[in-house]
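Me: Could you walk me through this one before I set anything up? I'd like the overall picture, then a few particular spots.

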Amino acid sequence: MKLSKTIIAAVAAAAMIVPLAACGSGTADSGKTTITYFSWNNENQVKPIIEAFEKANPDIKVDLSTAQGEAADYAQTLTTRAAGNQLPDVFHMSIETRNEVLDAGLAKDLTDEPFMDSIPDTNKDLYTRDGKVYGMSPTAWVGVIVYNKDLLKKVGYDSVPETIDEFCELGKKLQAAGITPYMDDPTVVSGSFQPMLGGYYAKQGIATSEWTEMGEGGSFEKQWTPIIKEWQKLIDSGTMPKEVVGVNNDQIKQQFMTGQLAMFRSGPWDFPDLDSSGVDYATAPFPAVEGGEPYVGGGPDSPFAISSKIDGDKLKAAEKFLAFMNSEEGLKLEEKNIGQISVSSEYAADVAPQLQDIYNDYVTTGKYYWTNWSQNGNVMATEMTSQWQLLIQGSTDAASVAKHMDETWKANAK
């Protein structure tokens, strides 16, 4: 099968490839089966996990390599290697490379592997094609509302309301008390709209893994316009101030840590800073829009995939590696060294106390959502970010936003 144009074009970026960095000496490993693993995470995070796997499997050696930089760098390097016939034995099938990998038949079918049995369907759906699963993701990331318990108590609330209208009522009371109610980071895709959209889909029985490929008649205008109008209540009520445009996430976090801001969209990645601030904080799901239910932002971490090009001892070794990564020992190590949250039934994650209820009620039950574009993800995310900034500033409306999203989608269709 021929590689896609995207993969072929990536050959020009061969200089980005990070050389394979063996975890052990190649000369001292004769007789061992060696597999190559291209990791999404950096070497310091992954090396302790590799060492534990090799200790448990002394007949297998893992040659580790990692991408330098952001998600786009990983995608670029992976496609470059695939085009150069140097596909790693084990790799991560990121959203940016999912279609290219599957179109070219580069990933092995994992559907019936025993290590897939403990993976929830939510973490399989995005990497399923024609009823077959090609990626294993035993962990997930999550974004929530972090709120200052003391500031909410000042206006008579013990927790965050569960509907958008009640949430905006809280916003008005906080404003009356001279407190900024809520902020999203406007420099990236809206971290509040995504879970509100997911909660709407869930309540309406729409399979989130199928959108935006719902067949003829599906469009942003039809699917998103009602939810955008509901989300816009945050702006119209002053719950999220228009002045948020031009402010980045670090500045938002500082306002929260200094007691000026009652709530903001965040996640476990900010907990160390919040703990150091002395703020008494807790977490909550995002409120439900009309026709929806409370939800959190998030999604499966980029799944492990096995190259379809390997067989024999290499294939058996790669399968053992994935089984280890979805074992209690492997998941504990991923939690400790990478900060990943297990959604596998093999291990219940040891999350921060502030996240425990979210983990129990939303993460383990699959009540999290993030739009995963089936084409031109970077282009669509950029357009969405731009449109939301205009929406916050009052320079456009829900119908126009959805229309621009449709136009961008069609203009960049493959």
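Reply: A definition to begin with: a residue is called buried when its relative accessible area is under 20%. The model is a predicted one, and in its chain of 414 residues the buried ones make up 55%.

Me: How many helices and strands does the chain have?
Reply: There are 16 helices and 14 strands. Among the contacts with a separation of 6 or more, 75% are between residues 24 or more positions apart.

Me: Which residues have the most contacts inside the largest nonpolar core?
Reply: That core has 75 residues, and the ones with the most contacts inside it are F193, W224, I228, W231, M263 and W388. Strand β7, residues 139-148, contributes the largest share of this core, namely six residues. There is also a second, separate core of 29 residues, which includes I35, I60, F115 and I338.

Me: Switching to α14, which of its residues are buried?
Reply: In helix α14, which covers residues 356-363, the buried residues are I358, Y359, Y362 and V363. They fall within an arc of 110° when seen down the helix axis, so they line one face of α14. In general, an α-helix has 3.6 residues a turn, so residues three or four places apart point the same way.

Me: What covers those buried residues of α14?
Reply: The cover includes β7, along with β10 (281-284), β11 (296-300), β13 (341-342) and β14 (368-369).

Me: Now K108: where is it, and is it buried or exposed?
Reply: K108 lies in the loop between α4 (98-103) and β5 (128-129). Its relative accessibility is 17%, and because buried means under 20%, K108 counts as buried.

Me: What does the side chain of K108 make a polar contact with?
Reply: Its partner is the side chain of E113, at 2.9 Å. If neighbours within four places in sequence are left aside, K108 is in contact with E113, V133, Y134, I306, S307, S308, L315 and E319.

Me: Last one, T79: which helix is it in, and is it buried or exposed?
Reply: T79 lies in helix α3, residues 71-83, and with a relative accessibility of 7% T79 counts as buried. The C-alpha atoms of T79 and T97 are separated by 7.4 Å, although these two residues are 18 residues apart along the chain.

Notes: Residues numbered from 1 in each chain as written. Predicted model: local features only at pLDDT ≥ 70, side-chain atom pairs only at ≥ 80, totals over all residues. Heavy atoms only, no water. Helix = DSSP H or I, 4+ residues; strand = E, 2+ residues; numbered from the N terminus. Buried < 20%, exposed > 50% of the residue type's maximum accessible area, 1.4 Å probe, protein only. Polar contact = N/O pair within 3.5 Å; in protein donor to acceptor, adjacent residues only side chain to side chain. Contact = heavy atoms within 4.5 Å. Core = buried A, V, L, I, M, F, W, Y, C linked by side-chain atoms within 4.5 Å. Arc of directions from axis to C-beta.
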